[in-house]
Structures are given as structure tokens and as C-alpha cells.
Amino acid sequence: MKTEHTPFHPRWYRPRVPVFWWLRRRSYLLFVLRELSSVFVAWFVVFLLLLVNAVAQGPEDYRRFLDWSATPGMLLLNVVALCFILLHAVTWLFTLSPHAMVVRLRGRRLPPAAIGAGNLVAWMLASALAAFLILG
Amino acid sequence: MADRIILRVTRYRPESDTEPTTQEHEIPLRKEWSVLDGLNHIKDHLDGTLSYRWSCRMGVCGSCGMTVNGEPKLTCATFLGDYAPGPVRVEPLSNFPVVRDLVVDIGDFMRKLPRVKPWLIRSEQEPPAAGEYPQLPAEREEYEQFSMCINCMLCYAACPVYALDEEFLGPAAIALAQRYNLDSRDQGASERTDVLSAAEGIWACTFVGECSAVCPKDVDPAGAIQRYKFTAAMDSLKALLLPRGAR
């Protein structure tokens, strides 16, 4: 959309994009929330690094880290972060990668839904392994 | 079903208006009438000054894209009966400058399209006497979906990235580049890389997905872009890790 006018259309009308354009459609809102989710992905990385650091420092620091994590403010932050991480993960596993990946089975291309289902199974297995390692 | 419906049509007369206005017309509501038929009725019987584009009336030419009740639609494939009892709002496509009434200028797309070289590129052109380039049905299937694009611009009208960043190459241009990249007869993928892999190419896309949702031909431009992101990322990785001969 170059802004120069041609002699034939000297008076184009160009509507401005409204500030709240992202509230106009559910998909736009989801997109903006997904962009925002990267902040929470970064926060989880920082949180994990702090945890690793606390573990490395010894039991005293680890206990202090756990107490800090259990404060209402931190709990609220992490619950919100978890919701955003889930939105992020669901987008990647079930919407993006089934469209981006071309998987062939016996020469035939698998439909996106099958790839999404495969991702779900892989996710469940990874979660089961994590649960086994932590709880088992 | 009521036998009449109101069409609220956007009017913009550049010689006298500073911004668009809305005109209401009551038209017959017939089961088989599309929104385009309604506009044609207005043009033929109520107000001959209304301007809009159309040609084939059967979802092939891609001329009659407009915004119907807020959604980008091909008006020839959108039926008035589905909007009964109305009113039905008909506006020009979003994200393009309006020339007059429902006509938008798509010059921006026309300038961008040739940049992705949407034609078969051969490293060495063979003379016509050498015969055609054969292709298996399975090879055709690889790109067939992307070849269905009719350049109707609904994907650009639905794309918020294009609305905010006019430099974005856009969904249809990238899908059409993939149409040739995935064609077994084409050898020009590397010539399209620079334009496609630029910041205003595939990487500007944030996967909103609306382009694929509104596409009347199931081209799935969002899928084409994500696929090319994967290809481009793998190519960059190979260029970084592998010696030149092994790429």
C-alpha cells in the first residue's frame, strides 16, 4: 500500500486501523494473546533457572525458593503464566505444526488432523514420563 | 422467508465525498440470489451510479471480493438468504485504498506478486521440440492446492499483519511462490528465497490463520507460509552446519 496517488485515483480513501482492531474477531484476540504468551514463556525459563540456582545453592536456599513460590502473588503469576503457556503449546501442537509439517506414510500425505493427534499422543507420553519421574 | 431484504451499501464518490457514506436499498429476496445479484439489481433498477467489480459470477475470476457483514467474501458465492431477515452490510475489502464505492485498488499486490517469480523457472531452457516436462499425478498433488488461488484478495483483507505493515508480502503471494517451489518441473526455488525469507516475507506472518479461514478456494495460505518457514529454517541450518557440497 504505497501512499502515492495516481493521476487516475487522486482521492483514494484509506481508513485508519482502529486501536482496538484486535477485539473485532476472536482469531485476532487469540493472536494478540499468543504474542503476549511469549513473555510468559520467557518468565517460565527465568523461574526454572532460579529453581536450578536455588537447588545448586543447597537445602536452605531451596526451602526459601519454595516459600517464595508459595506466596499468593507468585502463585497468581504462575497460574496466569500456565494459562498462557497452554495457549502457546496448543497453538504449536494442534494448529501450527500440523500445517507446517508434511508427513508421509507409505507415499501418502497424512492429513493435518492425524499429525495433531500424533502430537497429542506424544504430549501425553511426555507428561506421563514427567509425572512418573516426579511422583514415582 | 420475507420477500424483501435491505442492503446497506458503502458509497464513496471521490469527487465529492471526504469519507464513505452508507446507502440503503430494499431489494427482492430470492432464494437463489447472491449478494452480487442484489448489487446487480441495485445497479440495474435502483441506482446506476453504484460501482463494484465483478465478472464470472461463479467463484472463478476473483473480482467480486467485498466485505459482507464484516467478513471478507466473494459476493457471487455469498447468498442473501443466509443473511435473512437482514439488513446486509456490503463494504469494500479492508486493507486496500478505496477508489470508489466498493472498488479497491489492489496495485500493491500486483507490484508484489512478480517479486516471487510465480512462473516455472528452469536452469536450462529446453527447446519446444524436446517435448513437455512430464509430471506424475503424485507430483502434481504436491502443489495443486496452492494453484487454486484466484487472486481475490480476501486473504489480504483478513490479515491483520498486512493491515498494520504495508510492506508484508502477504498470504496469496507467498502461497503462489510455494505453488511453483513445490512443482517438480520448477528449478527456481533458490531464486525466490531472498524475497520469501526476508523480514517482510514469511517471517512477518504471525500465524493468525484468518487468510486460510476466509479463502474461498481452500488454498490455505497460512499453511503455505508455515511450511516455507520450516523449509527456510532448515536451509539456514544446513548452510550453517554443512559444507557447501553436501547441502
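Visitor: Which strand of chain B does T21(B) lie in?

Guide: T21(B) lies in strand β2 of chain B. Helices (H or I, at least four residues) and strands (E, at least two) are DSSP runs, numbered from the N terminus. This is a predicted model, where local features need pLDDT of at least 70, side-chain atom pairs count only at pLDDT 80 or more, and totals for chains, interfaces and linings use all residues. Residues are numbered from 1 along each chain as its sequence is written, while chains are lettered from A and ligands numbered from 1 in the order in which they are written.

Visitor: Is T21(B) buried or exposed?

Guide: T21(B) is exposed, because 10 other C-beta atoms lie within 10 Å. A residue is buried with 20 or more other C-beta atoms within 10 Å of its own, exposed with 12 or fewer, and partly exposed in between; the C-beta atoms are placed from the backbone.

Visitor: How far apart are T21(B) and D101(B) in space?

Guide: They are 9.0 Å apart, C-alpha to C-alpha, though 80 residues separate them in sequence.

Visitor: What does β1(B) pair with, and in which sense?

Guide: Strand β1 (residues 4–11) of chain B pairs with strand β2 (residues 21–28) of chain B in the antiparallel sense, over eight bridges. There, V9(B) stands opposite Q23(B). β1(B) also pairs with strand β5 (residues 88–91) of chain B, in the parallel sense over three bridges, and R8(B) stands opposite R89(B). Two strands pair if DSSP finds at least two bridges between them.

Visitor: Zooming out, how many helices and strands has chain B?

Guide: Chain B has nine helices and seven strands. Of its 247 residues, 41% count as buried.

Visitor: Where are the domains of chain B?

Guide: Domain 1 covers 4–104 and domain 2 covers 107–246. Such bounds come from an automatic or database domain assignment. The C-alpha centres of the two domains of chain B lie 31 Å apart.

Visitor: What about the largest nonpolar core, how many residues has it?

Guide: The largest nonpolar core has 67 residues, and those with the most contacts inside it include V90(B), L154(B) and L176(B). A nonpolar core is a set of buried Ala, Val, Leu, Ile, Met, Phe, Trp, Tyr and Cys residues joined through C-beta atoms within 7 Å. α6(B) gives the most to this core, with seven residues.

Visitor: Why does this core lie between domain 1 and domain 2 of chain B?

Guide: Because both domains of chain B give residues to this core.

Visitor: And what is L176(B) in contact with?

Guide: Leaving aside neighbours within four places in sequence, L176(B) is in contact with L113(B), V116(B), P118(B), F146(B) and C149(B).

Visitor: Which elements of chain A touch chain B?

Guide: 18 residues of chain A are in contact with 25 residues of chain B. The elements of chain A that give two or more residues to that side are α1 (26–57) and α3.

Visitor: Which elements cover the buried residues of α9(B)?

Guide: The cover includes α3 (72–100) of chain A, together with α4 (154–158), α6 (171–181), α7 (189–196) and α8 (210–214) of chain B. Among the buried residues of α9(B) are P221(B), Y228(B) and T231(B).

Note on methods:
Two residues are in contact if their C-beta atoms, placed from the backbone, lie within 7 Å.
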